[in-house]
Amino acid sequence: MSPAAPKSAASLPLYTVVALAGFITELLMRLLGGVAGTARAGGRVVATAAAAPAFAAAATIWEIKDQLHADKDSRTAVSTLMAQPSVLNWHDMPAHHARTMDAQRRLAVVEGHVLGRGHGGSRPDIAALQRLLDHDNHELRARMKDFFKDELYVPRYDMDLRDSRELALQRLTKFCRAGFVSVTDFRLSPLKIFAAHEVLAMVDPSMATKATVQFNLFGGTVLKLGTARHHDGLLRGIDTMDAVGCFALTELGFGNNAVEMQTTATWDAPRRCFVIHSPTTLSHKYWITNSAVHAQWAVVFAQTLIAGTNHGIHGFLVRIRTPETMAPCPGVSIEDMGHKMGCNGVDNGKLAFHHYAVPREALLDAASQVAPDGTFTSTIPKPRDRFLKVADQLLSGRICIASMMQSVSKLSLTIALRYAGSRLAVGPTGHSDTPILDYQLQQRALAPLLARTVALQLGLNYVKDRWAAASGFDGKPVGPQVGLEVVVLCCAIKPLCAWNAEDCVTTSRERCGGQGYLSVNRFGELLGFAHAGMTAEGDNRVLMQKVAKELLGMLTWQPVAARLVAAEAFVGPLAAGNLAALHGAGGGASGGGASGGGQLDLQVLRRMMQVREARLLRALSGAMRGAAASGGFFDAWMKRESDLVQGAAQAYAEREVLEACLRALDALGAAPGLRDLLAPLVGLFAASCVERELAWYMASEVVPPRVGRLVPDHARRLVAELGPHLQGLAAAFGIPPWLVAAPIAGDWVAYNEVDNRGELLPTATAGPPSPRGDAR
């Protein structure tokens with residue numbers, strides 16, 4: 001076990017330092033407490049700012065080995081025992097020998113598992129992969145992550161509802177007042193907003209949820225639909241949380257069909273004001289984030305009625321609480337929705353308005369104006385189009401949700417992979433000497449999810465760029481085709497990222513066994529967050545319906561039609577099993593297990609995905625044309641062809657993600673090290689997409705059985721290839737230890753040496769918390 005590497009932390013690859021940080025701390029503490037006889041201060045290891053010196057002190061794996069060798073007697077005893085595994089009896093050996101043996105055994109496993117099997121990338125390659133995935137605002141991301149070392153951001157669990165909400169507010173307020181982002185970044189640098197969402201979601205789902213409403217839905221709507229009279233008095237307060245707002249769109253009876261909402265804003269000519277009213281229980285604004293406790297303001301959406309004419313839905317900037325007492329304004333009722341299955345730091349509420357008079361200036365009037373005499377004018381002719389305009393921030397909101405869901409996936413996988421690399425279970429000798437990450441069961445569960453998360457990040461980055469170029473915040477005109485394509489991309493990427501987050505959390509929790517069920521290991525809060533992401537800013541399945549609907553209208557566009565025609569050229573070779581004919585057809589990258597000839601590789605998988613998209617879209621188009629001709633379009637769409645609708649939309653979405661990955665691979669032609677890291681991940685993403693739908697490919701006779709059998713074999717080969725490198729690849733997610741903040745991702749043995757009560761903060765283990773004080 002003598003190393004041939006230098007004993008400098010700076011010379012170790014980044015992925016090694018990150019992946020081993022928790023293990024090194026555990027070993028050091030065991031050595032100090034058992035081998036050297038020194039007690040650990042406070043008897044705890046927590047993933048907080050206080051843990052940073054421990055990570056820094058445990059500079060390299062080689063220093064730990066030197067300390068092990070320093071205790072000659074223990075080393076000799078342990079070496080003798082390890083040479084005779086069949087006679088090991090932990091209860092019969094001195095305690096310090098047992099600790100030393102445990103440390104040496106874990107050291108050997110870690111060294112072999114992470115270092116000794118060819119990790120697959122040097123420090124520059126892993127750092128470059130992180131840079132590629134992060135995409136933008138690299139220095140800002142680093143500063144934000146460093147900011148969250150503050151103890152205020154250490155996760156806490158055993159808290160009542162009120163304290164959870166106050167803690168989320170305090171956390172967000174402190175972050176906002178540090179000045180990292182501004183609502184005006186939507187106009188100047190929108191990618192900063194999305195980057196902040198990715199980082200915030202790693203820290204606290206509730207804080208991140210409150211932030212996305214404050215900055216995107218509320219703040220972004222005021223910025224985009226308002227004018228100077230709204231901006232001058234409010235934008236600064238939005239940035240600093242002095243003006244907390246909410247977004248009152250959804251009603252109890254009208255969620256996805258919000259255009260039919262019942263809340264009204266009626267022009268009162270004598271008083272020259274609008275009167276907002278909730279006529280029924282179904283019209284109550286529902287699930288309104290920030291409203292139950294913290295919001296002073298709301299953007300309220302209502303049917304705008306002037307002199308008996310409905311001019312469509314518009315947004316109104318409305319004060320809902322008095323500034324002095326934070327009591328609801330007269331004419332406004334606010335009800336607390338209470339405890340939820342997750343994100344309980346978010347104060348969701350119900351709002352109702354009872355003939356509530358607001359000034360004419362409350363109308364967000366960038367596109368529609370009402371003169372003092374009640375004359376209505378608008379740059380948008382159709383009422384329905386006005387609704388699409390006023391709800392525009394839902395589009396960027398889908399990118400915000402997707403960004404947060406990506407962090408959920410990354411964090412879940414990081415925790416699971418770190419634990420799997422340190423948790424020893426039965427090996428060939430029958431002893432607990434094998435990390436569970438060595439098992440195919442573990443790798444087959446986690447590796448495809450890691451590959452999909454990487455691929456979705458590249459797809460999301462592409463969607464971010466497309467949205468930023470067409471957002472309208474810069475005042476530049478956007479062509480209708482470009483605008484619609486961006487809408488479809490945003491509606492497609494959010495469901496993929498949210499579903500993947502739920503899959504990552506659920507699978508990671510299961511693969512961590514009972515440890516994954518502890519709140520302190522974070523999967524519980526992440527699961528609740530993932531489920532919120534599947535519903536927020538558009539139910540995933542409903543969004544996929546919109547994707548499919550818009551795609552049907554896009555089939556006549558020349559680029560779309562040409563893509564579908566090109567896919568037909570691959571049908572014959574695939575059906576004949578002539579895979580060699582598919583190489584070179586259409587160009588593009590072919591990494592990820594590419595072998596050319598008649599083998600299955602990324603190029604062939606790409607062709608299969610293109611054919612599936614083309615087949616499903618044409619089948620859906622044909623079905624709906626026939627239904628429309630007979631007057632049964634609605635019944636066909638909603639009651640007979642739902643599987644086809646969902647399948648076509650998902651095929652399009654996954655094909656778009658794959659194309660984004662291939663563009664990234666093509667751009668890495670001069671960076672072979674990074675390309676070697678990325679290519680098998682992209683290949684596994686494509687293989688997993690095809691494997692999931694393998695029954696369709698074979699039943700539809702797209703491929704013969706002998707080709708179908710190649711797909712799971714190919715996926716297993718890629719998993720085996722990636723298996724030894726999974727922890728290092730997860731390090732490219734760039735989540736520092738204080739944001740991972742899960743004991744099983746670090747020194748979980750030391751964590752369990754004390755009565756931790758399932759918490760990280762020492763104040764949480766010292767006794768019952770005060771009713772409210774320690775959240776403040």
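User: Among contacts with a separation of 6 or more, what share comes from residues 24 or more positions apart in the protein chain?

Analyst: This is a predicted model in which local features need pLDDT of at least 70 and side-chain atom pairs count only at pLDDT 80 or more, while totals for chains, interfaces and linings use all residues. Residues are numbered from 1 along each chain as its sequence is written, and side-chain values use heavy atoms, with hydrogens and water left out. Contact means heavy atoms within 4.5 Å. For contacts in the protein chain with a separation of 6 or more, the share from residues 24 or more positions apart is 76%.

User: How many helices and strands does the protein chain have?

Analyst: Both are DSSP runs numbered from the N terminus, helices being H or I with at least four residues and strands E with at least two. The protein chain comes to 30 helices and 13 strands.

User: What percentage of the 776 residues in the protein chain is buried?

Analyst: Buried means under 20% relative accessible area, exposed over 50%, and partly exposed in between, with a 1.4 Å probe and protein chains only. Of the 776 residues in the protein chain, the buried part is 58%.

User: At roughly what angle do the axes of α10 and α15 cross?

Analyst: Two packed helices are described by the angle between their axes and the distance between the axes. Axes here are lines fitted to C-alpha atoms, for helices over the stretch in contact, with angles from 0 to 180 degrees between N-to-C directions. The axes of α10 (residues 190-203) and α15 come within 8 Å, and the crossing angle is roughly 40 degrees.

User: Is the crossing of α10 and α15 left-handed or right-handed?

Analyst: A crossing is left-handed if the near helix is turned anticlockwise from the far one by less than a right angle, and right-handed if clockwise. For α10 and α15 the crossing is right-handed. The contact includes E198, A201 and M202 of α10, and the residues of α15 among them are S403, M404 and S407.

User: Which residues is S407 in contact with, leaving aside neighbours within four places in sequence?

Analyst: S407 belongs to helix α15 (residues 393-422) and counts as buried because its relative accessibility is 1%. From S407 to M202 there are 205 residues in sequence, but 5.8 Å in space, C-alpha to C-alpha. Beyond neighbours within four places, the contacts of S407 are E198, A201 and M202.

User: Which residue's side chain has a polar contact with that of N344?

Analyst: N344 sits in the loop between β7 (332-336) and β8 (349-353), and is buried at a relative accessible area of 15%. A polar contact is a pair of N or O atoms within 3.5 Å; within protein, one must be able to donate a hydrogen and the other to accept it, and residues adjacent in sequence count only if both atoms are side-chain atoms. At 3.3 Å, the side chain of N344 is joined to that of H339.

User: How many disulfides are there?

Analyst: A disulfide is a pair of cysteine sulfur atoms within 2.5 Å. By this rule, the count is zero.

User: How far from C491 is the nearest cysteine sulfur?

Analyst: C491 is buried, with a relative accessible area of 1%. C491 is in no disulfide, and the nearest cysteine sulfur, in C490, is at 6.8 Å.

User: Is H355 buried or exposed?

Analyst: H355 lies in the loop between β8 and β9 (356-359). Its phi is near 50 degrees, a positive value in a residue other than glycine. With a relative accessible area of 57%, H355 is exposed.
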